[in-house]
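User: Could you walk me through how to read the helix packing and the chain contacts in this structure? I would like the general idea each time, and then the case at hand.

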Amino acid sequence: MVAATSTTIERRGRIALWVGLAFLIIAPLIGLYPVFMMKALCYAIFACAFNLLLGFTGLLSFGHAAFLGAAAYFTGWLVRSAGLSPELGVLGGTLGAAAIGLVVGAIAIRRQGIYFAMVTLAMAQMVYFVWLQAPFTGGEDGLQGVPRGKLFGLLPLANDLTLYYVVLVVFVAVFLFIMRIVHSPYGQVLKAIRENEPRAISLGYDVDRYKLLAFVISTALAGLAGSLKTLILGFATLSDAHWSLSGEVVLMTLLGGMGTFAGPVIGAFTIIGLQDFLADRVGSWINVIIGVIFVVCVVAFRRGFIGELLAWQRRRR
Amino acid sequence: MDIFGIPIQAFLGQLLLGLVNGSFYAMLSLGLAVIFGLLGIVNFAHGALYMIGAYVAWIGLNKFGINYWVSLVLAPVVVGALGVVIERTLLKHLYKIDPIYGLLLTFGLALIAEGLFREQFGVSGQQYEVPDLLQGATNLGFMVLPNYRAWVVFASLVVCLGTWFLIERTRLGAYLRAGTENPALVQAFGINVPLMVMLTYAGGAGLAALAGVLAAPVIQVTPLMGSNLIIIVFAVVVIGGMGSILGSILTGLALGLIEGLTKVFYPEASNIVVFVIMAIVLMIRPAGLFGKEK
C-alpha cells in the first residue's frame, strides 16, 4: 500500500515521522505523564510487531497477547526471583516469547486464512491456562513488586524520566528495524505471500519458512513490549495474556491503518489514551465502547487513520 | 467397584458431565460450520448469542415468570431475530471482502454484548432452577443419573440430528448446500439467496441460543460464559474441519468426553486437553479429521 506513493507523499511522510519523534522526545517535558507515555509506547511496539504479521504478511494472529504475557512473566521472574539485571531480564523475556512463538507458529502455519486466526487464538488460550496454573506466575495475583534495577549496572531506572528515554530508544529501534525488514528482499517476499500465496509458492519460495520467521520475529518483538511493560509498571498479571488484549492489538492496528508504518503507533496511542481517559468515567462501559469502535472500523473505516490519510493525499494530487 | 482406582460412580459422573459439555460443543460448532459454509464468516459472536440465550431464559423466569419450556422456544426466536438484524445491518456489507473482517466484526459484537450484560448483571453467576419435571435423579443400578443432564444430552442429540437431516436430506437443505458451493448459480435458478443467507445466520444464532437455555440450569449464567466457550469451540471446529455436519457433531461429543476423562485422571490438564489435541491433529492431519483441504 505504501510502495505506490509518489515522492512528495513520501517526503511528507518522512517529515511527519520526524515531527512525531520530536513530539515523543519533548512529551514528558510538556507535562505528559511519563508512565502513561511509556505504557503507550510499549503497546505501540506490540502493535507494530503485530502489524508485521497482519499488515505486511497477511497473517491474522488472534493470540498475540500470549507472547506479550509470556515475556512479561519471564522478565518479572528473572528480575525479581533470579535477581538478574534489567537488560538480561528483558533479553530473557524476549527470547522466551520467541521460543513459544516458534512452537505456536510451527503449528499455526499449517492452516491458512481464517483458520490461522482460530488456531492462534486457541493456542494462546492454552498458554493462558498454563500461566493460570503454573507455580511461578502467582496465579490470579500475578507477579508483584518487580524492581527496575540499574541498566548495565550503571544507570538507575527508578526515575520515570530516565526509563522513559530508554523505552523511547527501544521503540525507535524497533520501528526502524521493522521498516528495514519490510523494505528488504525478505520483506518483499512477505508482501508477495500476502498478495498471492500460491503464486509465491510457484515462484519457488519456501513460503512456510518465510511465514514462520515472520511469526517468530513478530512474537519476539511482542515479547520485548511485554518485558518492558513489566519493568515500567513493576508487575505482570494474567490480563497481559488474556484474549481481550489479543483483540485490542488487532483494533489498534486496524484503527491506525494496517500495512502502514505509523498506523499501529497512532492506533495504540488512541486506544491506550481512550482507556486511560475513560477508565474512571464510564467503568465497564469501556468494553462496549471498544466493541463499537471495532464494528465501526470494520464496516466503514477499514483503511484506518493513516490509510485514509494516504488515500486522501493521493486523491488530492 | 473401581476403574483405575477411581470409584465408578465418580467416573461415570464425570463422563456424563463431559458428554453434557460435548453436547454444547456439538451444537455450537454445528451452527458455526453452517454459518461459515454459506456466509464465509467465522462468527465470533456465537458465544455471545449462546450467552444471550441463557439470559433470555433467566430474565424470562425471574422477571416475567416464563417457564423453562416456553423459554426453550422463546430464546431461539428472540436471538434468531437479533441474528436477522445483525445480518441485515452489518454482515451483509462484508461478503465480498477478506473473511478476517467478518471475524473482527463479530468479535466487536461479542465485546458489545458482553459489556452490556456485565453492566446490567455484574460478573457473578446467576442460578437457574432446574424445571420441576426434570428435577431429581434416576438410579440405574450402576450409577445415579441426574435427570436434567440426561435430558440435555438427549435434547441436543435430537437437535443436532434434526439439523443434519434438514441440511442433508431435505429440499431446503439441498438449496443451502448448493448455495455454499456456488451462490451465483443458485441465484440464477431463481432462489432468493440473500434471504437464505439471512435465515441461515438466524438459524445458527437460534441454535446457539437453544444451547444457552439448555446450559442455563447446569452452569452459572454469567456474561462471560460465551467467550470462555467460543474459544474451545473454535478448537473443536479446527479439529473436526468445518466441511461436515456429522463430523462437527461427533467431534464435539468426543472432545467433551475426552475432557471429562481428563478431569478424572489428570484434572490439572482438563483446561488445555482440547487445545493439545488440536495441536496434535494439526501436525498429523492439517485439514482436520473430517475436513477437505481446499
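Predicted model: local features only at pLDDT ≥ 70, side-chain atom pairs only at ≥ 80, totals over all residues.

User: Thanks! How many residues of chain A and chain B are in contact?

Analyst: Two residues are in contact if their C-beta atoms, placed from the backbone, lie within 7 Å. By that rule, 34 residues of chain A meet 33 residues of chain B.

User: Which helices of chain A supply at least two residues each to the side that touches chain B?

Analyst: Helices here are DSSP runs (H or I, at least four residues), numbered from the N terminus. On chain A, α5 (113-133), α10 (243-256) and α12 (285-300) each give at least two residues to the side touching chain B. α5(A) has the largest share, with 14 residues.

User: And how do the residues of that side divide by class?

Analyst: Ala, Val, Leu, Ile, Met, Phe, Trp, Tyr, Cys and Pro count as nonpolar, Asp, Glu, Lys and Arg as charged, and the others, Gly among them, as polar. The side of chain A that touches chain B has 24 nonpolar, seven polar and three charged residues.

User: Now the helix pairs. At what angle do α4 and α5 of chain A pack?

Analyst: Two packed helices are described by the angle between their axes and the distance between the axes. Axes are lines fitted to C-alpha atoms, for helices over the stretch in contact, and angles run from 0 to 180 degrees between N-to-C directions. Helix α4(A), residues 86-108, packs on α5(A) at about 140 degrees, the axes being 9 Å apart. Angles under 35 degrees count as roughly parallel, over 145 as roughly antiparallel, 65 to 115 as roughly perpendicular and the rest as oblique. The angle therefore makes α4(A) oblique to α5(A). In this contact, Ile100(A), Val104(A), Ile107(A) and Ala108(A) of α4(A) meet Phe116(A), Val119(A), Thr120(A), Met123(A) and Val127(A) of α5(A). Eight of these residues are nonpolar, one is polar and none is charged.

User: How does α3 of chain A pack with α5(A)?

Analyst: Helix α3(A), residues 65-80, meets α5(A) at an angle of about 25 degrees, with the axes 9 Å apart. That makes α3(A) roughly parallel to α5(A).

User: Which residues touch the most other members of the largest nonpolar core?

Analyst: A residue is buried if 20 or more other C-beta atoms lie within 10 Å of its own, exposed if 12 or fewer, and partly exposed in between. A nonpolar core is a set of buried Ala, Val, Leu, Ile, Met, Phe, Trp, Tyr and Cys residues joined through C-beta atoms within 7 Å. The largest core here has 195 residues, and Ile45(A) and Ala122(A) touch the most other members. Helix α2(A), residues 34-57, gives the largest share of this core, 17 residues. Ala122(A) touches residues of chain B, including Ile231(B), Phe234(B) and Met278(B).

User: Is Cys48(A) buried or exposed?

Analyst: Cys48(A), in helix α2(A), is buried because it has 31 C-beta neighbours inside 10 Å. Its C-alpha atom is 8.3 Å from that of Ala262(A), 214 residues apart along the chain.

User: And is Gly31(A) buried or exposed?

Analyst: Gly31(A) sits in the loop between α1 (7-26) and α2 of chain A. With 6 C-beta neighbours inside 10 Å, Gly31(A) counts as exposed.

Conventions
Residues numbered from 1 in each chain as written. Chains lettered and ligands numbered in written order. Lists of a residue's contacts leave out its neighbours within four places in sequence.
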